[in-house]
Amino acid sequence: MAGGDDKRTPGSSSPSSRWRKPGARYGPGLEKRSSECQKEGPCSSSPSVWSKKAQQQMVTPVQQSKSEGSLPQTVTQVQPLKSVDSPPQMVTPVQPSEFVDSLCQMVGSVQISDSLDSRSTSCASESVVGSGPGAAPFDICRGVSKCSVEVKPSLLDINREKRRAKELAKSPNALQHLRPGMVLLKNFLKPDDQVKIIKQCRELGVGTGGFYQPCYKDGAKLSLRMMCLGKNWNPDSSSYVDRRPFDGAQPPKIPEELTKFIKDAIDAAHAFVKQSGGQGTSNPLKVIPPISPDICIVNFYTTAGKLGLHQDKDETKNSLAKNLPVVSFSLGDTAEFLYGDARDEAKASKIKLESGDVLIFGGQSRHIFHGVSTITPKTAPTYVTEEAKLRPGRLNLTFRQY
């Protein structure tokens, strides 16, 4: 019962006084430790644990006081206490991970950069920017890196890669006739021109009417970022309009410098068709009609981006009836491009579109189904990733005449 057996009469001695002789001292250092324990809390060296059984038990290490050091230490063997009379204690070793965690808590937050490849990742998050209508425009180029360590190629490597691209543009396989009205110009865009085009698209893309992620009314989103030039393409209505429906932004116009690249590509395709011989080569303008582009869809694919098989058939009836070609610029990482006469990936032909390639399909190939199945990471030239600062992914410009 409460207050029964524990009640003591005046003059009764405490249990501890029965085994201690009058005038006996505690022993070297023990009196001092006892006073410290009263201030700091329970003491691990009290007489209640001085048994053989307690000496063999593993005890949790007591946190050191500030006077004994501010950092935790890794203990790997039995450490005797300062008192000679105190028994040795087994202390559980502190694991390295626990040491790091304790150190981080004491000195503050520690940030460790786990990316050394500046070409494949960016330290800044891009999960919100340009993620949907109404969001801030998506920036296709990397900003100032926040990485503590960044590996960059040398200027010698960049110039060597530029020379190689120019040599490939002059090789016999630089021009490829894929099918009637469809021509691939490998490495047609010079390295310095690729950098200029990317910078122009970036400047337009962060402004009014810039890059965003298109979505449908049911909530489905395209696996890319898009910017329209000349007229805005509406994915819900599959039509071109003067302003974007969700923000009223008017698309920028096509820069004149880009139209010059298109004219040069069409002229090169005509010359190639005429030299290749075969049916219809006597009139290359009929095989690939010339165009005056006034609209362009600029798509940026991340390394996980793709685009299903589809037809470009939303231009005016007059433009479609003339089979005016689509001119496509590829910049950045390599894409696997699919094309065919039916919406069937199993039957579609496949080609690799690399940075600097120009693909033209018009005439008999104007209404082919086409799409992008995969983007191959880390295949972009260094002059694109370092001089233009293009993010990992592929930038694609498709020009048409409305």
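Guide: Let's begin with the lining of the second largest pocket, whose residues divide into 15 nonpolar, 10 polar and seven charged. Please keep in mind that this is a predicted model. The volume of this pocket comes to about 580 Å³. A total of 32 residues line the pocket, and W233, L307, H310, Q311 and D312 are the closest to its centre. Which elements give two or more residues to this lining? They are strand 8 (295-301), strand 9 (307-310), strand 10 (326-332), strand 14 (369-376) and strand 15 (394-400).

Pick out D312 again, one of the residues closest to the centre of the pocket. D312 also belongs to a network of salt bridges, in which it is linked with E315, R366 and R400. Here is the general idea behind such links: side chains of opposite charge can pair when their charged atoms come close.

One joins D247 to R244, with the closest N and O atoms 2.7 Å apart. The two partners fall into separate classes of accessibility: D247 counts as partly exposed because its relative accessibility is 39%, whereas R244, at 8%, counts as buried. Another salt bridge brings together the side chains of K263 and D267, at 3.1 Å from N to O. Both residues lie in helix 7 (residues 256-276), and because they are four residues apart there, about one helical turn separates them. K263 counts as exposed at 53% relative accessibility, and D267 is partly exposed at 39%.

K253 has its place in the loop between strand 7 (239-241) and helix 7. With a relative accessible area of 72%, K253 is exposed. Its C-alpha atom is 9.4 Å from that of L204, although K253 and L204 are 49 residues apart along the chain. The other one is S237, found in the loop between strand 6 (232-234) and strand 7. S237 counts as partly exposed, at 39% relative accessibility. Between the C-alpha atoms of S237 and D314 there are 9.7 Å, while 77 residues separate the two along the chain.

Now for the strands. Find strand 13 (residues 358-361), which runs antiparallel to strand 4 and is joined to it by four bridges. In this pairing, L184 stands opposite L359 of strand 13. Strand 4 also has strand 3 (residues 175-179) as a partner, again antiparallel and with four bridges. There, Q176 is the residue opposite L184. Strand 3 and strand 4 make a hairpin with two residues between them, and G181 in the turn has a positive phi of about 85 degrees. What covers the picture on each side of strand 4 (residues 182-185)? Both of its faces are covered: M182 and L184 on one side are buried, and so are V183 and L185 on the other.

Last, a word about the cysteines. A disulfide is a covalent bond between the sulfur atoms of two cysteines. How many disulfides are there in this model? The count comes to zero. Take C201 as an example: it is in no disulfide, and the nearest cysteine sulfur, that of C296, is 7.2 Å away. Seen from the other end, C296 has its closest cysteine sulfur in C201, and 7.2 Å is too far for a bond, because a disulfide needs sulfur atoms within 2.5 Å. Both cysteines are tucked away from the surface by the numbers: C201 counts as buried at 2% relative accessibility, and C296 is buried with a relative accessible area of 1%.

Conventions: Residues numbered from 1 in each chain as written. Predicted model: local features only at pLDDT ≥ 70, side-chain atom pairs only at ≥ 80, totals over all residues. Heavy atoms only, no water. Buried < 20%, exposed > 50% of the residue type's maximum accessible area, 1.4 Å probe, protein only. Pairing = 2+ DSSP bridges. 1 Å grid on protein atoms, 1.4 Å probe; cavity = no way out; pocket = protein on both sides within 12 Å on 5 of 7 lines; lining within 4 Å. Points joined across faces, edges and corners; volume = space filled by probe spheres on them. Nonpolar A, V, L, I, M, F, W, Y, C, P; charged D, E, K, R; others polar. Salt bridge = Lys/Arg side-chain N within 4 Å of Asp/Glu carboxyl O.
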